[in-house]
Protein chains: 2
Amino acid sequence: MTRRRAVAGWGFAGEEASPAEVDRLTRLVAVRFPDADLGVRPAVAWQDAPVAPPRITPPPALEGYCTSDREARLLHARGRSYTDVVALRRGDFGAAPDVVATPRDATEVAAVLDWCADAGIACVPFGGGTSVVGGVTPPAGERPVVTLSTRGLRRVVEVDAVSRAARVQAGATGPEVEDGLRRHGFTLRFFPQSFELSTLGGWIATRAAGHYATGPTGIDDLVESVTAVTPTGLWSSRRLPRSGAGPSPDRLLLGSEGILGVVTEAWVRVLPRPQYRAAAAVSFPDFGAGAAAVRAVAHSGLTPANCRLLDPTEALLNGAGDGTGAVLLLGFESARAPVDAELHDAMALCRDHGGAGEVPGDKGSGGADGGNTAQRWRRAFLRAPYLRDALVGLGVLTETFETAVTWDRFAELHSAVIRATAQALAAVCGDGVVTCRLTHAYPDGAAPYFTVVAPARRGAEAQQWAAVKRAAGDAILDAGGTITHHHAVGRDHRAWYDRQRPEPFARALAAAKAAVDPRDVLNPGVLLGG
Amino acid sequence: MTRRRAVAGWGFAGEEASPAEVDRLTRLVAVRFPDADLGVRPAVAWQDAPVAPPRITPPPALEGYCTSDREARLLHARGRSYTDVVALRRGDFGAAPDVVATPRDATEVAAVLDWCADAGIACVPFGGGTSVVGGVTPPAGERPVVTLSTRGLRRVVEVDAVSRAARVQAGATGPEVEDGLRRHGFTLRFFPQSFELSTLGGWIATRAAGHYATGPTGIDDLVESVTAVTPTGLWSSRRLPRSGAGPSPDRLLLGSEGILGVVTEAWVRVLPRPQYRAAAAVSFPDFGAGAAAVRAVAHSGLTPANCRLLDPTEALLNGAGDGTGAVLLLGFESARAPVDAELHDAMALCRDHGGAGEVPGDKGSGGADGGNTAQRWRRAFLRAPYLRDALVGLGVLTETFETAVTWDRFAELHSAVIRATAQALAAVCGDGVVTCRLTHAYPDGAAPYFTVVAPARRGAEAQQWAAVKRAAGDAILDAGGTITHHHAVGRDHRAWYDRQRPEPFARALAAAKAAVDPRDVLNPGVLLGG
């Protein structure tokens, strides 16, 4: 049975934070912000939210997979950023699309794009709708909008076990991909926090990254070929393990955020499911020492599945530490052989950098137990956005900023972002906490992930958020980071993206867009244009 | 002291095949082609070759780094493909550039492009000039041509040991890159067969691959950021370990073959120099069994530095076998720890697939000895193109075709290409040998590399070559391969490239080109256009 999506919050209906969870969060926040005006304000029911009547009617040929049903329009009206959730709770669905189209094959996708081009309609491609950067928000204004859901395309079509690759439709969610592969003994091994909701096509369009810390962290390297429908024809690359023939067509679609075409399917590289696991936690006197250890591990050639460094506050909040030091969560996994030796080698590197920790129950293969720990961790990881929604309801401003930076600039970026964000929080919220973890480690750098928690002023959340976001984004760019390691650009990161990208590349991309989408049908205003 | 380049052949002057080497080659070829008209015909001295007078004169401001010197023009008149060498030996330098510019910084590069744009001149970027696909050939016709050599930019500018990255100018050759890194204990670990001559900028422009069999085989993954001068401004990306902000600007330059901009420098990821090595040779009853073993190794998660499968004839010619079976050359290396266990694991997989072989002197670390073997192999590898030139002089048609294909189509592609090429050789040369090796192994496929040796008909080499090339290229495309795994497109692969790339991508690339190079200054006719 398909679970229903929550219309006005993260994830699935009925899975929002329980009263016990809300209670626990309230107490936790109250300790840190004793003067905050906490307490759940009831959300406006989506049934009561105002929505403008649709301005367009699909041509008869498209009626079978188009709808202007109120719930469908509201479900596709926004992504799930902090400001989206604030607005949704108020019954503010913004500019809901006039029509939601859910084509079932590439021909129907092309028909939707043709209709949009002919009728001057904008088209917003939509996978799981989990964007936290305004990537699926319909453009406001006079132009009607069709949101094109890829959820009519959700099958694992074929598995090539010889080449370890699978052809998967773009609308398949994480569980749908994994269910389709599991019966063949394979996994895509790609687990973003939105895993249960987001789709392969969305991952490709946004250059998403999964939670694995090293190795092929991004979807980019897992893609063997991509098929997309553009407003002017099918863009389908050859399945190849590698090619030297001109610039990679796939790499131009990867990260294109729906402005060049609607990804309809891809061949992806799959792996046998891991059989061996080993994990441990290592304490460090401070975040800097932990980061030096992460760098040593990344330089060693070891490729831990998990290498997540929590600063003292994050360690405390995650139950991994007492708040006095940083904690590194290390985990290895393999389908081929035990990984205890790798874990020991990594632990030795950590000890060289002042880390303290033992392999739990240090007695050979961590096998099943390591698997349970990993599964527990993943469940908590997937649960976090539901708790974020609960915090919003309590009147807490909560947001995450993520980036990547080379190691030589890491310490400076870390302190600059913490400082700038804390100052902004003090100025606009009167108080606030900024924490950091390292989520991904590369030989040449790392991805720091910042979390902000502060008392919000009811009704002023969007302005407060904007001030904090501006401070963090500016600090990230000034310190040499990217405006996003894996959350994409969307509408929220546009100003920094424009600063970050090489200017001739911006012109090249705009020209490429005009060549394949001459009527600017696809996601206008994202990455390019007004 | 700088070695002088050979004006009319591969590599450096004075390093062409010795009389003893030519003798050995002659005997080898005569055994297989007893009726062939072998024997060295003297080449026309480049000093006697005709060349049209230059049609343009550089503006005074550019005189310091521009020349119309005859030797310079001839040195930049052609790449080093089989047909180039045939023509060069005849004194046919084709359309030599009118001027060779060797700018010493990005400002001077921009000045050259400005001049070309203003004066209607075509500009061909030129690194080591080792293209085997016509990638640096000046376009014939009325339009004057400036060849822009990047050899005025050849320094390792800085090394960031903390991030393990280096800023290197685009004109640095392999040895110049490695010399600059060695004093810091690092290596780029990138060794194409043209290593001694080709340049970082050329590798980036052509998406080159080195000789390592697995892991990051291509330059693509070693690039952290790229700076290029376009006719309309500087294209310079941020140094980042990973980014999710829009499509990768670097990936659009990678493989762009000089049509978008002149790469002037890049930050590349570097590694500590390997300390541990282990190598072995494994025999297989046939090529198919060996390929199955290569696939098993690629699937295992092991990442051998060398995993080169030679078919029976190649094994014989390389002194690695007796011609009755295929031979797999396996090698591992690491900067961190001994790799004997990895070699043993790979050997076990090979035995599972019918392989027979022992680790030489199986007694712990292969350290220094493995290093010597690897160095010997690399010397022979770098020497091969000089021997190719000698074969051309003997009247032998010799060419290589390379591709990559997913494993599910590998066997079919292999036999189809062998069949089609052998048929073409029989038709146009009356005889000929086609051999194959696997040079690169990926979890989802492999890169087969075909070598052709046949008796040429003096004076008809270009037509013979074209017929054989057409048969091989068609067979590769029809069997699902790429027209090139690492030799690039140039002018020779253009027809197949046009078939291979997605049509909307071709339009996107043409539009991107027009946006950054509106007067079509850069490498006209390569990848796009006339």
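**Exercise 1. Find how many residues of strand β15 of chain A are buried, and name the strand it pairs with.**

Step 1. Strand β15(A) covers residues 396-402; strands here are DSSP runs of E with at least two residues, and helices are runs of H or I with at least four, both numbered from the N terminus.

Step 2. Count a residue as buried if 20 or more other C-beta atoms, placed from the backbone, lie within 10 Å of its own. By that rule 6 of the 7 residues of β15(A) are buried, leaving the strand mostly covered.

Step 3. Two strands pair if DSSP finds at least two bridges between them. Here 7 bridges link β15(A) with β18(A), residues 445-455, and the two run antiparallel. A:Val396 has A:Pro455 as its bridge partner.

Before going on: this is a predicted model, where local features need pLDDT of at least 70 and side-chain atom pairs pLDDT 80 or more, while totals for chains, interfaces and linings use all residues. Residues count from 1 along each chain as its sequence is written, and chains are lettered from A and ligands numbered from 1 in written order.

**Exercise 2. Work out the strand order of the open sheet with 4 strands in chain A.**

Step 1. The order is β1-β2-β4-β3, with mixed pairing.

Step 2. Look at the edges: β1 (66-67) and β3 (122-126) of chain A each pair on one side only.

Step 3. Follow β3(A) to its neighbour β4(A), residues 145-149: 5 bridges join them, and they run parallel. Within this pair, A:Cys123 sits opposite A:Val146.

Conventions
Buried ≥ 20, exposed ≤ 12 C-beta atoms within 10 Å, placed from the backbone.
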